[in-house]
Amino acid sequence: MPRRITFVQLKTGYDTDRGPSWIGWVNFSKTWSTAYFHGRTLRRGEGMFDANFYDVETGEEFWVSGPKRDRTDTRYGPSDPEVESDAADAYRAFLDGAPLPGRENG
């Protein structure tokens, strides 16, 4: 199962780009259509206004993407994601120019 350090933001119930966000490890299915994060199963969806995944149990919508070095992970608002402790060292190295684990070749 592919595992990546990813930016995740809850969209449901918040104004655009105001929901809580995290930088942390996310496990993906072999087809990349399902993500597993914080005990949630997130499925890739289409036709959502400002999200690309939804929680299969609650229907809550999320934005899931690779983090950006310039820390502009959200499109419209300020971003101050919680960096999870088990991802912090690899994320700091990424910010300093190293490739993300699992993305060394692209």
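Modeller: Gladly. Keep in mind that this is a predicted model. Let us start with β5 and β6. Two bridges join strand β5, residues 53-55, to β6, and the pair runs antiparallel.

Colleague: In β6, which residue is the bridge partner of Phe53?

Modeller: Phe53 belongs to β5, which spans residues 53-55. β5 is bridged to β6 in the antiparallel sense. The partner of Phe53 in β6 is Phe62.

Colleague: Which residue takes a positive phi in the hairpin of β5 and β6?

Modeller: Five residues lie between the strands of this hairpin. One of them has a phi near 80°. That residue is Gly59.

Colleague: How many bridges join β1 to β6?

Modeller: β1 covers residues 3-10 and β6 covers 61-65. The two run antiparallel. Val8 stands opposite Val64 in β6. The number of bridges joining β1 to β6 is four.

Colleague: Now the largest pocket. Which strand gives the largest share of its lining?

Modeller: The pocket has a volume of about 170 Å³. Its lining includes Arg4, Ile5, Thr6, Val64 and Ser65. Both β1 and β6 supply at least two residues each. The largest share, three residues, comes from β1.

Colleague: How much space lies in the largest cavity?

Modeller: A search of the whole structure finds one cavity of 30 Å³ or more. Its lining includes Phe7, Gln9, Trp63 and Thr74. The space inside is about 40 Å³.

Colleague: How many residues of that cavity lining are charged?

Modeller: Lys11, Asp17, Asp50, Asp73 and Arg75 are among the residues that line the cavity. Two of the lining residues are nonpolar and two are polar. The charged ones number five.

Colleague: Is Lys11 buried or exposed?

Modeller: Lys11 lies in the loop between β1 and β2. Beyond its sequence neighbours, Lys11 is in contact with Asp17, Asp50, Ala51, Glu61, Phe62 and Trp63. Its relative accessible area is 11%, and the limit for this class is under 20%, so Lys11 counts as buried.

Colleague: What about Ser29: buried or exposed?

Modeller: Ser29 sits in the loop between β2 and β3. Apart from residues up to four places away in sequence, Ser29 touches Pro2, Thr34 and Tyr36. Its relative accessible area is 15%, so by the under-20% cut-off Ser29 is buried.

Colleague: Which residue of β3 is the bridge partner of Asn27?

Modeller: β2 and β3 run antiparallel and are joined by two bridges. Their hairpin has five residues between the strands, and Trp32 takes a positive phi near 65° there. The partner of Asn27 in β3 is Tyr36.

Colleague: What is the phi of His38?

Modeller: His38 lies in the loop between β3 and β4. At 47% relative accessibility, His38 counts as partly exposed. Its phi is positive, in a residue other than glycine, and the value is near 55°.

Colleague: Where does Arg71, another residue with a positive phi, lie?

Modeller: Arg71 is not a glycine, yet its phi is about 65°. The residue is partly exposed, with a relative accessible area of 38%. Arg71 is placed in the loop between β6 and β7.

Colleague: Last one. With which side chain does the side chain of Arg40 make a polar contact?

Modeller: Arg40 lies in strand β4, residues 40-44, and is partly exposed at 25% relative accessible area. Leaving aside neighbours within four places in sequence, its contacts are Ala35, Asp55, Thr58, Glu60 and Phe62. The polar contact spans 2.7 Å, and the partner is Asp55.

Notes:
Residues are numbered from 1 along each chain as its sequence is written. This is a predicted model: local features need pLDDT of at least 70, side-chain atom pairs count only at pLDDT 80 or more; totals for chains, interfaces and linings use all residues. Side-chain values use heavy atoms; hydrogens and water are left out. Buried means under 20% relative accessible area, exposed over 50%, partly exposed in between (1.4 Å probe, protein chains only). Contact means heavy atoms within 4.5 Å. A polar contact is a pair of N or O atoms within 3.5 Å; within protein, one must be able to donate a hydrogen and the other to accept it, and residues adjacent in sequence count only if both atoms are side-chain atoms. On a 1 Å grid over the protein atoms alone, a cavity is a set of points where a 1.4 Å probe fits but cannot get out, and a pocket is an open set with protein on both sides within 12 Å along at least five of seven lines; lining residues have an atom within 4 Å of a point. Grid points are joined across faces, edges and corners, and a volume is the space filled by probe spheres set on the points. Two strands pair if DSSP finds at least two bridges between them. Ala, Val, Leu, Ile, Met, Phe, Trp, Tyr, Cys and Pro count as nonpolar, Asp, Glu, Lys and Arg as charged, and the others, Gly among them, as polar.
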